[in-house]
Amino acid sequence: MKKLLFIINPKAGVKKNKNYIDDAIKVFEEAGYKVGVKFTKKRFDGTEIAKEYGAKADMVVCMGGDGTLNEVIQGLIEGQVSTPLGYIPAGSTNDFATSLGLKTDPKEEAKYIVSHEAKPLDMGMFNGRYFVYTASAGIFTKTSYSTPQKMKNKLGHFAYILHGSRELFHIRRLKLKVELEDETYEGKYIFAAINNATKVGGIMKLDENLVEFNDGVFELMLVEFPKGLVEFMKLVVKIFKQEFTGKITLKQIKQARITDCTDIDWSLDGEKEKGQPVVEFKVVHDAVNFIY
C-alpha cells in the first residue's frame with residue numbers, strides 16, 4: 001500500500017475543524033494511501049517533519065497557511081527529498097494557493113491532489129533560506145508576520161487589512177541598491193519584492209500571463225518613495241491597475257544582490273526575516289515536485 005505523509009498546522013487559518021481533516025484523510029484512503037498524520041506544534045516543525053519522514057512516503061501533503069508550506073518545502077529540499085508534494089490551503093490569505101488556483105475546500109483539493117501528477121516548481125533562495133513565492137520589504141510587509149494569530153483565525157483576510165492599515169501612518173524610506181545581471185537600481189523605495197505569484201499580500205495582483213511557476217525567473221517589483229500623499233495615492237491606483245511604469249519597476253530576474261539594507265526586515269512567505277547588510281537572491285529552478 002502506498003504511504004502518504006499528512007503534515008498539518010492545527011493553528012492555521014479559519015478552518016480549525018476536525019471534520020475538514022477527516023474528510024481529506026478519507027479521500028486519501030479511498031485513493032489507496034495509508035495516511036500518517038503529523039501535527040506541527042511550533043515554528044519549523046514542518047521542516048523537521050518533512051526532512052525526517054518525507055523520503056519514506058510516496059506522497060507528502062501539507063495543510064496550513066503559506067508559512068506551513070514554506071517550512072515543509074524547506075525540509076524537502078534540505079533533506080534532498082523528491083517525493084511529490086500536495087498542498088491544502090487552510091491559512092487566512094493563501095496568496096500562493098490563489099495564484100495556483102488551488103481549491104480552499106480540503107475535500108475537493110484532496111481529490112485534486114490524488115488525481116493529478118506533480119510538476120516542477122521553482123523556489124527562491126534568500127541568503128541560503130528558501131522561499132516559495134515572495135520576499136518583500138516595505139509597506140504592509142510587517143503585517144504578514146505581525147498580525148496576531150487569534151485575529152487571523154477569527155477574521156481571516158480582513159485581519160490583515162485591519163492590522164495593516166496602521167502602517168499607513170508609519171511609512172519609511174527603504175534605501176536600497178539592487179544589482180542585477182544587466183543593470184542596477186539605486187534609490188529610496190516604499191516597497192520592494194521578489195515574487196513568483198500572481199497575488200501578494202492579499203492585495204497586489206500581477207497578470208497571470210506574466211507569471212510562470214517553473215520558468216526559471218521571479219518578478220522584481222520596486223516602488224519608489226512618493227513625494228507626498230497625492231503621489232502615494234496615485235501609486236496605489238497604478239498598482240491596482242497593474243500599470244507598472246514611472247516610479248514602479250517590474251522586471252523578471254534570475255538573481256540579485258541587494259545592499260544597504262541592514263535595518264530593513266523582510267517577509268519570506270509571511271514569516272519574518274531580520275535585516276542583513278547584504279541579500280543574495282537566486283532562483284532555484286525546478287526545486288520541488290509540486291501538485292498544481
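How many bridges join strand β7 to strand β9, and in which direction do the two strands run? Five bridges join β7 (residues 134–138) to β9 (residues 184–195), and the strands run antiparallel. The model is predicted.

**Strand β9 and its partners**

- β7 pairs with β9 through five bridges. Within that pairing, Gly-138 has Phe-191 of β9 as its bridge partner.
- β8 (residues 174–179) is joined to β9 by six bridges, again antiparallel. Here Lys-177 is bridged to Glu-186 in β9.
- A hairpin connects β8 to β9, using four residues.
- β12 (residues 218–224) is joined to β9 by six bridges, and these strands also run antiparallel. Asn-195 finds its bridge partner in Glu-219 of β12.
- In a regular strand, side chains alternate between the two faces of the sheet.

**Helix α3**

- α3 spans residues 66–78, which makes 13 residues. From first C-alpha to last, α3 reaches 18 Å, close to the 18 Å expected at 1.5 Å a residue.
- Because 12 of its 13 residues are buried, α3 is largely enclosed by the rest of the structure.
- The buried set includes the charged residues Asp-66 and Glu-71. Among the others are Leu-69, Val-72, Ile-73, Leu-76 and Ile-77.
- Gly-67 and Gly-75 are buried as well.
- Just after α3, Gln-80 adopts a positive phi of about 55°.

**Glu-109, buried without a salt bridge**

- Glu-109 sits in helix α5 (residues 106–114).
- Glu-109 is buried and has no salt bridge. Lys-103 is the nearest side chain of opposite charge, at 5.2 Å.
- The backbone of Lys-103 does meet Glu-109: its nitrogen lies 2.9 Å from a polar atom of the Glu-109 side chain.
- Leaving aside residues up to four places away in sequence, Glu-109 touches Tyr-87, Ile-88, Pro-89, Leu-102 and Lys-103.

**Salt bridges**

- The structure holds 11 salt bridges. Side chains of opposite charge can pair when their charged atoms come close.
- Asp-45 and Lys-42 meet in a salt bridge of 3.1 Å, N to O. Asp-45 has 13% relative accessibility, so it counts as buried. Lys-42 is exposed, at 58%.
- Lys-251 pairs with Glu-183, their closest N and O atoms lying 3.0 Å apart. This pair links distant parts of the chain, 68 residues apart: Lys-251 is in strand β13 (residues 248–253), and Glu-183 is in the loop between β8 and β9.
- Lys-251 is buried, with 19% relative accessibility. Glu-183 is partly exposed, with 31%.
- Glu-224 pairs with Lys-247, with 3.6 Å between the closest N and O atoms. Glu-224 lies in β12 and Lys-247 in the loop between α9 (229–240) and β13, so the pair ties together parts that are 23 residues apart in sequence.
- Both members of this pair are partly exposed, Glu-224 at 29% and Lys-247 at 23%.
- A network of salt bridges links Glu-179, Arg-257 and Glu-280.

Technical notes:
Residues are numbered from 1 along each chain as its sequence is written. This is a predicted model: local features need pLDDT of at least 70, side-chain atom pairs count only at pLDDT 80 or more; totals for chains, interfaces and linings use all residues. Side-chain values use heavy atoms; hydrogens and water are left out. The expected span of a helix is 1.5 Å times one less than its number of residues. Buried means under 20% relative accessible area, exposed over 50%, partly exposed in between (1.4 Å probe, protein chains only). A salt bridge is a side-chain nitrogen of Lys or Arg within 4 Å of a carboxyl oxygen of Asp or Glu. A polar contact is a pair of N or O atoms within 3.5 Å; within protein, one must be able to donate a hydrogen and the other to accept it, and residues adjacent in sequence count only if both atoms are side-chain atoms. Contact means heavy atoms within 4.5 Å. Two strands pair if DSSP finds at least two bridges between them.
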